[in-house]
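Please read this briefing alongside the sequence and the structure, and look up each residue as it is named.

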Amino acid sequence: MTPAPSLSAEDLAVFAPLAKRYFETLSGDAPEFGESSIDLGEPELAKLTGFIPVEGPVHGWVAITFGTDLADEMLSVLEEPSRDEETRRDLAGEIVSTIASNARWHFGKHLTVKPAVATANASIPADLDASPLIFQVPFQWRAFNGALLISLTP
Amino acid sequence: MNTSGQETYIQSPDFEHLAEAQSLSEEQWLIAFTLAKPATTDELASACNLSPNATAQAVVELLKCGLIRKRTLTFKEFLAKRNGAQPAVEKTESVVPAIQQPVMEQAAPAQPAAAAEIISIRIGFLPVSQASETPVFITRFGGDRMPGFVATVEEIRPMPVSARAKPKKPSTNSPMKLRPVINAIETKGGGGISGQLLVYRVFLRVPFGSLYDEGITSLKLVDENSMVRNPDLKAAILDAAREVAGVELAA
């Protein structure tokens, strides 16, 4: 994969295959992405969400949101015995941190991929805010649902 | 182009009644109460010390629960706003280009410069249904001050709109099907998530309040029958499609 010579919002589509690769590499099962939607209003977040703030030609954040059922299944894959909220939130942070690292390598200097942050209460971190229009792509990994969200500043 | 930051909002008439049943964030209440007076999202962001995104997001939520509405103008308010913004002659020209131009050409075809000296012209459009009954009067041209200006028109009788000169720009008043527009942008973006992200970027440039007013809260739900009726929204979508995606679509 070579760094993108220039960057447009459409380049952010790379986050979908990066997420797919993460799940596939760890579990052997790739998530299936569904039909995307562009919705007006607050994003619907599951309990656990990892956010990747981005700055550059486009500004905003990319996030992966999923429930505790998906988190517990992934913790099983990782042979992590704990199932408490902190462990689940750490998992959300680890997933998006891995994706963010690969995204930095992909975009190079064209996009600043800031450190990932995670929440475990279906909320957006205080230092991030959501665009009035949210792009979201649902996915299913094994029997569990999640979504990739993109929020860019108009 | 009209942007979301320029749209004006105000509390709904039944604000107090609706507010009793709502549970909102502090920022949303702050914006809701600030909108006791009309304000744009840019003005709200400044007044409430919030980011443009946070303000826009709060406005969308307040629109959804009916506490606020996009402010519309009465015809009188619209005219008053125009009077305050533009000189009278410019206003007249911009309002009635279709009928004014043929009159000028007929009166002084070889003296185009003289047209700039006309003091005042008042022309009004009438519905076609009234056209055969009611004459439209226009004031005299300043004939003495315009050597070479042969004709002095004091009265014209309106004719059906179809027989008048056509405006140069195509009309943008007819409703526009939205699905073909989205499809064209998606195709330009290469389809898949990449194409859909291009659609996303185009619609980020469209005033979200107007989208909401048209009942468009999710582009996924846009089908073959979804129409855009608001001419300003239609123009904003076409402008954004052209500027962001390089997609030229007919109005």
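Residues are numbered from 1 along each chain as its sequence is written, and chains are lettered from A and ligands numbered from 1 in the order in which they are written. The model scores ipTM 0.88 and pTM 0.67.

**Confidence in chain B**

- Chain B has an average pLDDT of 70, where pLDDT is the predictor's confidence in each residue, from 0 to 100, and 60% of the residues score at least 70.
- Over residues 86-154 of chain B the pLDDT stays under 50, and the model has 73 contacts beyond four places in sequence for them; two residues are in contact if their C-beta atoms, placed from the backbone, lie within 7 Å.
- Residues 158-168 of chain B also have a pLDDT that stays under 50, with 17 contacts beyond four places in sequence.
- Where pLDDT is low, the predicted coordinates should not be read in detail.

**Make-up of chain B**

- Chain B has 11 helices and seven strands; helices (H or I, at least four residues) and strands (E, at least two) are DSSP runs, numbered from the N terminus.
- Of its 251 residues, 26% count as buried, a word that applies if 20 or more other C-beta atoms lie within 10 Å of a residue's own, whereas 12 or fewer make it exposed and anything in between partly exposed, with C-beta atoms placed from the backbone.

**Helices of chain A**

- Helix α3(A), residues 85-107, has 23 residues and should span 33 Å at 1.5 Å a residue, which agrees with the 32 Å between its end C-alpha atoms; the expected span is 1.5 Å times one less than the number of residues.
- Among the buried residues of α3(A) are A:L91, A:I95, A:V96 and A:I99, and what covers the buried residues of this helix includes α1, α2 and β3 of chain A.
- After α3(A) comes A:G108, whose phi is positive, near 60°.
- In α1(A), the buried residues include A:F15, A:L18, A:Y22 and A:F23, and the buried residues of this helix pack against elements including β7 and β8 of chain A, together with α9 of chain B.

**Crossing helices**

- The axes of α2(A) and α3(A) come within 10 Å and cross at roughly 80°; axes are lines fitted to C-alpha atoms, for helices over the stretch in contact, and angles run from 0 to 180 degrees between N-to-C directions.
- The two helices are therefore roughly perpendicular to each other, given that angles under 35 degrees count as roughly parallel, over 145 as roughly antiparallel, 65 to 115 as roughly perpendicular and the rest as oblique.
- Their contact is made by A:T68, A:A71, A:M74 and A:L75 of α2(A) with A:T87, A:R88 and A:L91 of α3(A).
- In chain B, the axes of α2(B) and α4(B) come within 9 Å and cross at roughly 75°, which makes this pair roughly perpendicular too.

**Where the chains meet**

- The contact takes 28 residues from chain B and 23 residues from chain A, and α9(B) gives the most to the side of chain B that touches chain A, with 10 residues.
- That side divides into 14 nonpolar, nine polar and five charged residues, where Ala, Val, Leu, Ile, Met, Phe, Trp, Tyr, Cys and Pro count as nonpolar, Asp, Glu, Lys and Arg as charged, and the others, Gly among them, as polar.

How values were computed. This is a predicted model: local features need pLDDT of at least 70, side-chain atom pairs count only at pLDDT 80 or more; totals for chains, interfaces and linings use all residues.
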